[in-house]
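Work through the exercises below with the sequence and the coordinates at hand. Each task is followed by a worked solution.

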Amino acid sequence: MEQREQRVVVSWGKSTEGRYLTRQFTPSNVGAGFIEVPIKVYEEGRFSNIIAQWAVGDPVDWRGPYDTDHHFNFRELPSLLIVCSGTGIAPIPRILQKLFADDRAETRVRVVCCFSDPTSLIFGRELGFWASQWNCNISVYFSRPSNTNAALPYLVECHNHRLNETDFETEIAKLGTRSSMGDIQNLNRPRDVFEQLDVEDSGSKQAFCHIRLQQRTGRKTITTVQGISSEYELKKIVRYLKKEYNCNGTVVEHPEYGEVIQLSGDQRQHIKNFLTKVGIVKEENCKVHGF
């Protein structure tokens, strides 16, 4: 599946040698009348010094994009491993955007990003969004020790060392695997849901839990879960449910009901079985509703 990467070319006057300066960049987003391009600026770079002087409103000569964009048939790909470094992450947003937009694609993707240190991290917010999808996992490796803490999104795995051969083999082994209760570790929270399989229900778990199905646009539906005790970390529960039942999910703040879990599709029976099995809610206190 060899494809040339889409690129744009920028030109900026003449150098001291009388030559026109041009550089090629890979756009991270191409829209109607605009492009988004990540550019790394080097302290001693000749073109970097020019870019550092750009100001909002300056006219810049851009040409392209050249070459066609990637066209993967995700429905024929059971899994996909993406490894990138620094600004090499540029084409990844467009690739994943197409994958997530295809409701029939079941490709499991693992993205391994390498940066020198936390200060060189780019697309931090996007990393969190990608990791929140049911079929995507993100690992970030920092090659240089730093006193700066990496402000990585909640679901992104962080490794404070350079990616090595052993790590690469581990990432391949993880590709396409589904979460299990045994994989949920180090939650650092007392009375964690995944450690309560053999514990008797306490009085704090007796409140009613409501599982509802809501109609969205067209034939799409979402399942909402309201009433889970605040002693449990809902984001961890959502992460497990997404991997286990192949759906998207998130936790939203409702003005009346507080934190509410939302999952794509009709997951009512799956959620009820899970909540009662691990002892979060007694079966008689779990109320399942229709539309």
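The model is predicted, so local features need pLDDT of at least 70 and side-chain atom pairs count only at pLDDT 80 or more, while totals for chains, interfaces and linings use all residues. Residues are numbered from 1 along each chain as its sequence is written, and side-chain values use heavy atoms, with hydrogens and water left out.

**Exercise 1.** Give the strand order of the open sheet of 5 strands and find its edge strands.

Solution. Helices (H or I, at least four residues) and strands (E, at least two) are DSSP runs, numbered from the N terminus. Two strands pair if DSSP finds at least two bridges between them. The order is β12-β13-β11-β10-β14, and the pairing is mixed. β12 (249-254) and β14 (286-288) each pair on one side only, which makes them the edge strands. From one strand to the next, the twist averages 25°. Between β10 (residues 209-215) and β14 there are 3 bridges in the parallel sense; C209 has C286 as its bridge partner in β14.

**Exercise 2.** Determine whether I211 is buried or exposed, and list what it touches.

Solution. Buried means under 20% relative accessible area, exposed over 50%, and partly exposed in between (1.4 Å probe, protein chains only). I211 belongs to strand β10. I211 counts as buried because its relative accessibility is 0%. Contact means heavy atoms within 4.5 Å. Leaving out residues up to four places away in sequence, I211 touches, among others, T223, V225, R268, I271, L275 and V288. The C-alpha atoms of I211 and V288 are 4.8 Å apart, although the two residues are 77 residues apart along the chain.

**Exercise 3.** Classify the aromatic pair formed by F100 and F129.

Solution. Rings of Phe, Tyr and Trp (its six-membered ring) pair if their centres lie within 6.5 Å; planes under 30 degrees apart count as stacked, over 60 as edge-to-face and the rest as tilted. The structure holds 2 aromatic pairs. For F100 and F129, the centres are 6.2 Å apart and the planes 85° apart, an edge-to-face pair. F100 lies in helix α2 (residues 92-101) and F129 in helix α3 (residues 124-131), 29 residues apart. F100 counts as buried because its relative accessibility is 19%, whereas F129, at 47%, is partly exposed.

Technical notes. Axes are lines fitted to C-alpha atoms, for helices over the stretch in contact, and angles run from 0 to 180 degrees between N-to-C directions.
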